[in-house]
Amino acid sequence: MEDERLRRAGIVRYWRAVEMFSPQKIPALSARDRVYAVTADGPLPWEAGHPLRSMPLEPGLRWQHVVYGGTYALRAVRDTLLGVFGESEEDHDGRMDGESALFALTVTDEGRLLLDSPVLSTCAWATGRAMSPGPGSPTWLDGFDEEAGIWLTRAAELGELPADEPSSIDLDEAASDRAKGEDLEEGVGQRRLLAKELLEFAREIAEVWGVAETLSPEGLRVRSAAVRQSRTGDADHQDFLNSFIAADLDLIARALGSRDPGPGLAAYLTPGAEVNTAWRIDLRQRPEVALDGVTPTAFPSGRWPAEPGHPLALSQQFAVNTIWDQLGEAGGLFAVNGPPGTGKTTMLRDCFAAVIVERATRLAGLRLPSQAFADRTPYTWKSGDYTRTVTPLRPEFTGFEMVVASANNGAVENISTEIPARQALGEEWREDADYFAEQATRLLGGVPAWGAVAARLGSKKNRLEFVNRLWHGKYRLTDQEAPPPPDGRRPRGRDAWVDSERGVAHLLRGYLKTPHSGVWRQARERFHTALADVERLSAERQTAATAFRDLPAARTTLHTAGQAADRAAAQLRERRAAMPGIEQTLHEAERLLTEAETRRAAHHGRRPGLVVSLFTLGRAARDWHRIDHGLAVRETEQLAVRDHARDRLDEARRAVARAVAERDASERSRDEAETHVDRLQARVTDAHSHWPGHVPQDAWLRDDTTRELAAPWADPEITHARSELFLAALALHEAFLRCTARTMYANLMAAMDAVTGAIPKTVSEEKVRAAWQSLFLLVPVVSTTFASLDRVFGRLGGEALGWLFIDEAGQATPQMAVGGMWRAKRTVVVGDPLQLEPVVVLPWTAQRALRDDHGVAEEWAPGRTSVQQLADRTNRYGTLLPAELPDGSQEVWTGAPLRVHRRCDDPMFSVSNAIAYDRLMVYGTPDRGPYRYGPLSCWVHVAAAEADGH
């Protein structure tokens, strides 16, 4: 156990080391983007004489500046590492473009340092350590935090005012700021920073870290941005210099060294040699397994309310059902292979619906909604001047938290902005569905939304937008179809917030004053009615599915019973045919016995008397006895023959009787089997007539296209009922919030602090988790990039979240998912290892050297794998695809494949399907009608007005 913990921790420490050499790029010089180079004798953007000072600002905005000190080319890092670790053939194409810096910090428009903003480059520090003491030292990558602490203290001192130096801040300007309500004194330096001291600070760092010559850091770069006046003390606009996940990997590595992870991360970190490949089921080779996985009772009760006539395809439904079956009650990891255009988001929506309905099922079991909260003293803590109170939920109502994460910003936005929009619903529900629809519309910037079912978090900006829009009910006049301000007064700035006074916070406060008698009862009744409908319809279809499943075996039984009846009838005929011969034998034996008895009796009549015996001196008596003895023997023998013949006849008669019984029994069995087959066939035939196109057929096993395009047991009637159940589940959640408004208002106030990162660091993980759990009762799904995941959920511990859904996992390096997997009980990985591979800028020789240094196998090298590939390995259900992988493999085992492609037209589909996917995918693109601009397939040349590179 201890060795296994050390092995897992070693992998994560290795990934952390890789991340230390993977800095973020700083912005390139650009007057248009207000990124300026600064020299020792030139003005800084906050000083008079700089061009920025002449740029006008809208009311309510102020300048904020991010300073990058000691800029260096990333190619210098690459060259240094190649010099230390050596070069391999695989490094020739490796590139580390762009620039980074030794440090970065943020200053106000007056040039005053935000004291919590300085950041030091782990890459520059680690590059210096690579040269001295070098990889030969066991602690060569240890100690950054301690050393950084010293330099961060030095950085903060840059903003301090020496005792003998007057303030460089204009007192009238400061007084003006205070008059405007701005209080920047706390957390802000006392004086204006100067270029020469920033340059000297960079020079000192370079010298101490030993990178002055190798990286040649030089100069300052400043990026200036207009921020709202209320956020001038917020350093979140600063671009991070370092890996977004290195610190989190360090935290998790420490945790893994002392305790086991959840089953999802444990599976993910399983060595390839220990992966159970024998249990794998290739769904292309065994399509019957996929069909068995979509029987009616295997479906989750709820469904996303898309068009009832457009259910999930077979492979999508199989993935949803199997995810729910394997992970719904337990933890773990499941991988889905989703090539482009195969409906990954559509599949995920049904996964979300399943989770929401399951929690509603538990809530519906409560007589009073207040019973959902734990019977304990609420958690409390101070947050500034406010006291936060959180009443935790009972454990059975937690574990439903859903987080979508990706390395791809677009993938995250697609899910969190598409599914709340009205266009994500079927036409029947598009106009009327309402789960905090007004608030969700504000959350989408005015795009018509039906429900607050998902939200984009991630960056601090996104999180503040979330709180302002959803909780406080604010919007901007630049939003789509933004209404005029309620008070009629336009805000000072074009981008300023307008208070609608209709946020969730306002609603909950309003609920406190509104009677809610019957609200919970009615919501429960609606949910129970909808659930009963689904269960009834599912049972009906399961009866037919069971009949379809049992029909082949029943036909085999009927065939066997028919053969048995035929054999029994033949045997009976054979027995009866033998009877006359046996009876004749008996008659002959009886005749011979009678004859023997008659002859002896006649012989007894000729017995010699005494005179004859005396006259013949006894010879006549002896002759008579001798003959009598022979006749007696003959009589005895014939008696035995007769008895034997009689026994044979009795046995033959019994055999006939048995044969008759066997015939009758086998005919009854045959008749029963025939009746059973007829009954099953009638059910299947009836199912075909009731749900045409949705009942499996034997031919489907031989026809990939027909089978994969089908939606077994997902006819419009039951898909409609499952959609209604999902909407009833959300209505139950809304009723819960209405009926527990006082408790949930307090809980959600704390949750908003959790979202913005405002909960004091002294508050325990248990309390922070309780706040987040309340948020997920309101908004079931939130999304974030991997880069921001630990900034959003960094206060949560192992398995604190219910579900993690990773999208575009083929594009993510293996280490990106560790933080999310560690915090989630269940992980669903969706992506395609044959699409864009993860970008790993660290040269292969450096990856290899770091791997050797940490004692981990090559399979964990970021240049060799991805999140998708590591998850795919452990999946039981999947298929093999041809591939040329970095590790030399010619084929790859992928997770459960989504096979129906609905995006590209032919011939592009057929070409890519044959080249890349071994014809895995099935063509499902709907007919788009005539193309108005030209042929359906042609090249269209669009000349560019300008070009940048290629």
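Phenylalanine 793 is in contact (heavy atoms within 4.5 Å) with Val403, Trp772, Phe776, Val782, Thr784, Leu801 and Arg823, leaving aside its neighbours within four places in sequence. The model is predicted: local features need pLDDT of at least 70 and side-chain atom pairs count only at pLDDT 80 or more, while totals for chains, interfaces and linings use all residues. Residues are numbered from 1 along each chain as its sequence is written, and side-chain values use heavy atoms, with hydrogens and water left out.

**Nonpolar cores**

- Phe793 is among the residues with the most contacts inside the largest nonpolar core, together with Trp15, Tyr268, Trp450, Phe466, Phe527 and Trp772; this core has 211 residues.
- Helix H21 (residues 716-739) gives the most to this core, namely 13 residues.
- A second, separate core has 11 residues, including Leu572, Ala645, Leu649 and Val656.
- A nonpolar core is a set of buried Ala, Val, Leu, Ile, Met, Phe, Trp, Tyr and Cys residues joined through side-chain atoms within 4.5 Å.
- Buried means under 20% relative accessible area, exposed over 50%, and partly exposed in between (1.4 Å probe, protein chains only).
- Helices (H or I, at least four residues) are DSSP runs, numbered from the N terminus.

**Salt bridges**

- A salt bridge is a side-chain nitrogen of Lys or Arg within 4 Å of a carboxyl oxygen of Asp or Glu; by this rule the count comes to 55.
- Glutamate 197 pairs with arginine 191 in a salt bridge whose closest N and O atoms are 2.8 Å apart, and both residues are buried.
- Arginine 555 forms a salt bridge with aspartate 698, with 4.0 Å between the closest N and O atoms.
- That pair links distant parts of the chain, 143 residues apart: arginine 555 is in helix H17 (residues 519-605), and aspartate 698 is in the loop between H19 and helix H20 (704-709).
- Arginine 555 counts as partly exposed because its relative accessibility is 37%, and aspartate 698 counts as partly exposed because its value is 42%.
- Aspartate 623 and arginine 626 form a salt bridge, the closest N and O atoms being 3.8 Å apart.
- Both of these residues, aspartate 623 and arginine 626, lie in helix H19, three residues apart, about one turn of the helix.
- Aspartate 623 has 29% relative accessibility and therefore counts as partly exposed, whereas arginine 626, at 54%, counts as exposed.
- A network of salt bridges links Asp533, Arg536, Glu540, Arg541, Asp715 and Glu717.

**Arginine 634**

- Helix H19 (residues 619-690) also contains arginine 634, which counts as partly exposed because its relative accessibility is 37%.
- The C-alpha atoms of arginine 634 and alanine 883 are separated by 94 Å, and the two residues are 249 residues apart along the chain.

**The second largest pocket**

- On a 1 Å grid over the protein atoms alone, a pocket is an open set of points where a 1.4 Å probe fits, with protein on both sides within 12 Å along at least five of seven lines; lining residues have an atom within 4 Å of a point.
- The volume of the second largest pocket is about 1,200 Å³, a volume being the space filled by probe spheres set on the points, which are joined across faces, edges and corners.
- Its lining has 43 residues, of which Gln316, Gly343, Thr346, Arg349 and Arg902 lie nearest the centre of the pocket.
- Helix H11 (344-363) and helix H12 (409-418) are the elements that give two or more residues to this lining; H11 gives the most, with five residues.
- By class, the lining has 15 nonpolar, 17 polar and 11 charged residues.
- In these classes, Ala, Val, Leu, Ile, Met, Phe, Trp, Tyr, Cys and Pro count as nonpolar, Asp, Glu, Lys and Arg as charged, and the others, Gly among them, as polar.
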